[in-house]
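I opened the notebook with one plan: look at a helix, then its neighbours, then the chain as a whole. My entries follow.

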There are 2 protein chains.
Amino acid sequence: MASPVTTSTSTSTSASVEDYLKAIYSLGRGGERVATTELAERLGFAASSASAMVGRLAETGLLDYVPYAGVRLTEEGERQALRVIRRHRLLESFLARSLDIPWDRVHLYAEQLEHAASDELIDLIAAKLGDPTVDPHGDPIPTRELTIEESGAETLADLEPGQSATLIRVSDSDPEMLRYLAEREIGIDEEIEMLDRQPFDGPCEIRVGARTEQLPLALARAMRIRRGPTRPSARGRSA
Amino acid sequence: MASPVTTSTSTSTSASVEDYLKAIYSLGRGGERVATTELAERLGFAASSASAMVGRLAETGLLDYVPYAGVRLTEEGERQALRVIRRHRLLESFLARSLDIPWDRVHLYAEQLEHAASDELIDLIAAKLGDPTVDPHGDPIPTRELTIEESGAETLADLEPGQSATLIRVSDSDPEMLRYLAEREIGIDEEIEMLDRQPFDGPCEIRVGARTEQLPLALARAMRIRRGPTRPSARGRSA
DNA sequence: ACACAGATTTAGCCATGCCTAAATCCAGAT
DNA sequence: ATCTGGATTTAGGCATGGCTAAATCTGTGT
């Protein structure tokens, strides 16, 4: 390596390590341990590879690893995970803003760059964007101090007919879904009213602005909301 | 590796390989073979490492390698090198434009990202910038078809007192130099008149706009010019 | 209590890319 | 023609991070 530039504070985590930490972070949200197999599946590696890696990461102090029971991030491990997530989400925001890349594709591009961009560059981006608090999907962006504020867990599917709410977050895991919403011009900070719900997991009918749309329930469940109408948000929309 | 995504056209060159190709490209400009040691020095590796690598690259068909005599890029090798250079220079342009990063620092950041950004993303950037032909230092950007047009070799130091020319390119190899010029507000496309030259490699006096500046000769030699006044250039200055 | 399936780890491999130390080559001076 | 020093290659290692195949563990059902 071309002189790994000993980062003053932290271990120079490789791209691989960062991917593992990110995956463990997102799989272990509830606080439960993450199973080796689960991790391996998520990353598309053989279970044995994941097993070897968690062993290494435990030795480095990034994971709390109990053989046969799974792993959990240590405090330092979580910090590192949040560092990558911050990079990822700021890159998404930056690409969306400055290249007009639609929200179903920013994830891919951000993933390409998230391991390569230095924290210094990321901070320049954050400053330029006005330190946004959420990315284009509404996912919260960890602060420079690596704290993160997860939004509430209510989804559009929780609304009763007649109630309305503001869309604050959509899972970025499925680009199809994002594209589906984008085509119908349904986006973050949009006000949505639940009009009707079909039984047996049938689709629901909603009002967005002046339009009426049918949404598959699976989609409604992936759309997180804040009850009540849209209020002026802190998200800087224009540069 | 996570399924190297067989790129339809080309070999998925690693970051290391790309760095070697880039170095060989810039060291072998004259068409002469590049010596292993030279290459190793440029990259900061042991000569044996470079030797091993050029062996591998020759087998892959990217290099024309004659043991003990040095290497030269094959046609395919040059294509790959130009691909990286295109990525690098477009990233520099993009960062300078959208983050207002000064020209003495874009090189560093672009280097961080050049191996990670996909050609697809790079093309989006190029389109957004209006397919610029030169980067912030005036270095030519290879086209999408990977052809490049090197500018002439005359430098500011070639001007006789009384003659004037347009600055079209400054070597990006020395950030100090760029910063020095930036401080004096001397930039690409600026018209410069040679006022006076001291003998024995002494400094030269120039006029830039209404100002008069003293420039060390070494600097003048790194500044490439086109004789004659500035003409409206094709470089898209604003988005 | 025990067997068995599925999860997990261990063992052993491979590729990439870097290193140092030890050959070996080659060109210029004698 | 030979010597010799610098360039170059070869030999042998190491770390990272993947893999498959083979052991081993653990919890569940009988």
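I began just after α6(A), where G130(A) takes a positive phi of about 80°. Helices here are DSSP runs of H or I with at least four residues, strands are runs of E with at least two, and both are numbered from the N terminus.

I noted the ground rules next. This is a predicted model, in which local features need pLDDT of at least 70, side-chain atom pairs count only at pLDDT 80 or more, and totals for chains, interfaces and linings use all residues. Residues are numbered from 1 along each chain as its sequence is written, while chains are lettered from A and ligands numbered from 1 in the order in which they are written.

Which residues of α6(A) are buried? I found L121(A), I122(A), L124(A), I125(A) and A126(A). Buried means that 20 or more other C-beta atoms, placed from the backbone, lie within 10 Å of the residue's own.

I turned to the pair inside chain A. From α4(A), R86(A), R87(A), L90(A), S93(A), F94(A) and R97(A) meet I122(A), I125(A), A126(A) and L129(A) of α6(A). A contact needs C-beta atoms, placed from the backbone, within 7 Å. By class, I logged six nonpolar, one polar and three charged residues for this contact. Ala, Val, Leu, Ile, Met, Phe, Trp, Tyr, Cys and Pro count as nonpolar, Asp, Glu, Lys and Arg as charged, and the others, Gly among them, as polar.

How do α4(A) and α6(A) pack? Their angle is about 50°, and their axes are 10 Å apart. Axes are lines fitted to C-alpha atoms over the stretch in contact, and angles run from 0 to 180 degrees between N-to-C directions.

I looked at the chain partner next. In chain A, 16 residues are in contact with 16 residues of chain B. On chain A's side, α4 (75-99), α5 (106-113) and α6 (119-129) each supply at least two residues. α6(A) gives the most, with four. By class, that side has 10 nonpolar, five polar and one charged residues.

Last, I stepped back to all of chain A. I listed eight helices and seven strands. Buried residues make up 36% of its 239 residues. Its C-alpha atoms fill a box of roughly 60 × 45 × 25 Å, taken along the principal axes.

Methods
A residue is buried if 20 or more other C-beta atoms lie within 10 Å of its own, exposed if 12 or fewer, and partly exposed in between; C-beta atoms are placed from the backbone. Two residues are in contact if their C-beta atoms, placed from the backbone, lie within 7 Å.
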